[in-house]
Amino acid sequence: MYDVLIIGGGAAGMTAAIYASRKKLSTLVLEHERGGQTALQPEIWNYPGYTGKEGAKLLETFRQQAVDFGAEMKSFRVEKIEKEKGENNHSFFVAKDKDGNKIETKSLVIASGAKPRKLGVSGEEEFDNKGVTYCATCDAPLFGDKPVAVIGAGNSGLDAALQLTKYASKIYILVRSDTVKGDKVTQEKLEKDPKIEFIFNAETKEIKGDKFVNGLLYKDKDSGEDKELKVDGVFITIGSIPNTEFLKGFCDLNQWGQILINPRTNATSKAGVFAAGDVTDIEERQTVIAAGEGAKAILQCYKWLKSNH
Ligand SMILES: Cc1cc2nc3c(=O)[nH]c(=O)nc-3n(C[C@H](O)[C@H](O)[C@H](O)COP(=O)(O)OP(=O)(O)OC[C@H]3O[C@@H](n4cnc5c(N)ncnc54)[C@H](O)[C@@H]3O)c2cc1C
């Protein structure tokens, strides 16, 4: 039985593992994909002390640090978590994979992250990280004086456009319907900016390019015509999907499937279960924030273990 089981080997999980092992908790990290979303980024520019290098290398240093302090790592995809009663009425948790392998733990930190929602159009995968991006906070500065398109006009799309006004030469915001779903005040602010052009009733059909993105094809649903925009970047901001399938019915999730946490303590609705990073209902999703949240979660988990075990 481990003191703490950490689900997720991204920035949140690895940071939790560093702190847990330094507290001498017996710690196991279960990771489905090594390094999480950060490890997929070819360049990270905004992690303090680390600029312009691969995300995978950054996460390998997190991992090594956790291992050096005694944390164990295991490739294991959690399919289900259950709470069970042990001796002295102490409850514990069991994580199971699809083959029924089981791991027992006194407490849990869930840091299973989220994946960006894909548009599913031709060119999206081919030009991923070659002009197609899902993160304006990360990539807006790479599009200085270039025309770009933002797909989606919810709050994250409007926020992406707002960030891009500092860099890009022209920003097309493609809206699928005839109304903007995001915040009205931000919409009005954007409408006053000469760089911004909202295109309503626009259905993206294809992202075009050579080595990098150089255009976008969309269907104008009013006229039925296909139209093309010359853009060097496409920011896809249509939401993200939290990795919480294995948590349904176990702890409280919000309408988008994110884990509801107490933002002060990272506690979930289940005693002894904490959560951190992109899988939770926090507002900002960045590597440095996930790392900080991972540290917060495990320090609270440590206090919980001390008073309950
Ligand atoms: C395209 C893109 C670019 C980005 N660029 C930057 C950037 O430049 N700078 C920046 O600061 N942030 C960037 N971000 C945001 C950053 O990557 C995330 O905020 C960060 O990765 C969140 O860390 P996390 O640990 O919460 O989750 P993740 O990194 O998503 O890690 C989740 C971990 O949980 C594992 N997991 C999931 N389900 C299970 C399961 N059932 N069982 C076991 N393990 C499981 C995954 O395999 C993974 O190891 C970017 C995000 C995207 C999508």
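A residue is called buried when its relative accessible area is under 20%, exposed when that area is over 50%, and partly exposed in between, with a 1.4 Å probe and protein chains only. By this definition F212, at 54% relative accessibility, counts as exposed. The structure described here is a predicted model, in which local features need pLDDT of at least 70 and side-chain atom pairs count only at pLDDT 80 or more, whereas totals for chains, interfaces and linings use all residues. Residues are numbered from 1 along each chain as its sequence is written, and side-chain values use heavy atoms, with hydrogens and water left out.

Helices (H or I, at least four residues) and strands (E, at least two) are DSSP runs, numbered from the N terminus, and F212 is found in the loop between β12 and β13. When its neighbours within four places in sequence are left aside, F212 is in contact (heavy atoms within 4.5 Å) with F127 and K130. From C-alpha to C-alpha, F212 and E126 are 9.2 Å apart in space, although 86 residues separate them in sequence.

A second region of interest is the nonpolar interior. In general, nonpolar side chains in soluble globular proteins tend to be buried together. A nonpolar core is here a set of buried Ala, Val, Leu, Ile, Met, Phe, Trp, Tyr and Cys residues joined through side-chain atoms within 4.5 Å. The largest such core has 30 residues, of which V4, I6, Y47, F62, V109, I298 and C301 touch the most other members. Two or more residues are given to this core by each of the elements β1 (2-7), α1 (11-22), α2 (55-68) and α6 (287-308). For I298, once its neighbours within four places in sequence are left aside, the residues in contact are V4, A16, Y19, A20, L25 and V109. Another core, of 23 residues, lies apart from the largest one and includes Y2, L247, I259 and V279.

Strand β1 is largely enclosed by the rest of the structure, because six of its six residues are buried. It is joined by five bridges to strand β6 (residues 102-110), and the two run parallel, with V4 standing opposite S107 in β6. Four bridges also join β1 to strand β2 (residues 27-31), again in parallel, and here L5 stands opposite L28 in β2. The chain crosses from β1 through α1 to β2 in a right-handed β-α-β crossover, a term used if, with the strands pointing away from the viewer, the path from the first strand over the helix to the second runs clockwise.

A further open sheet, of five strands, has the order β8-β15-β9-β10-β11 and parallel pairing. Its edges are formed by β8 (132-133) and β11 (196-199), each with a single partner strand, so one side of each is left without a neighbour in the sheet. Strand β10 (residues 170-174) and β11 pair in the parallel sense over four bridges, and Y172 stands opposite E197 in β11. Helix α4 (residues 155-164) packs on this sheet, touching β9 (147-151), β10, β11 and β15 (233-236), and its direction makes about 165° with that of β9; axes are lines fitted to C-alpha atoms, for helices over the stretch in contact, and angles run from 0 to 180 degrees between N-to-C directions. Helix α4 also packs against helix α5 (residues 184-191), at an angle of about 35° and with their axes 10 Å apart. The contact is made by L158, A161 and L162 of α4 together with T186, Q187, K189 and L190 of α5.

Finally, N129, which is not a glycine, has a positive phi of about 65°, and lies in the loop between β7 (114-116) and β8.

Note on methods
Pairing = 2+ DSSP bridges.
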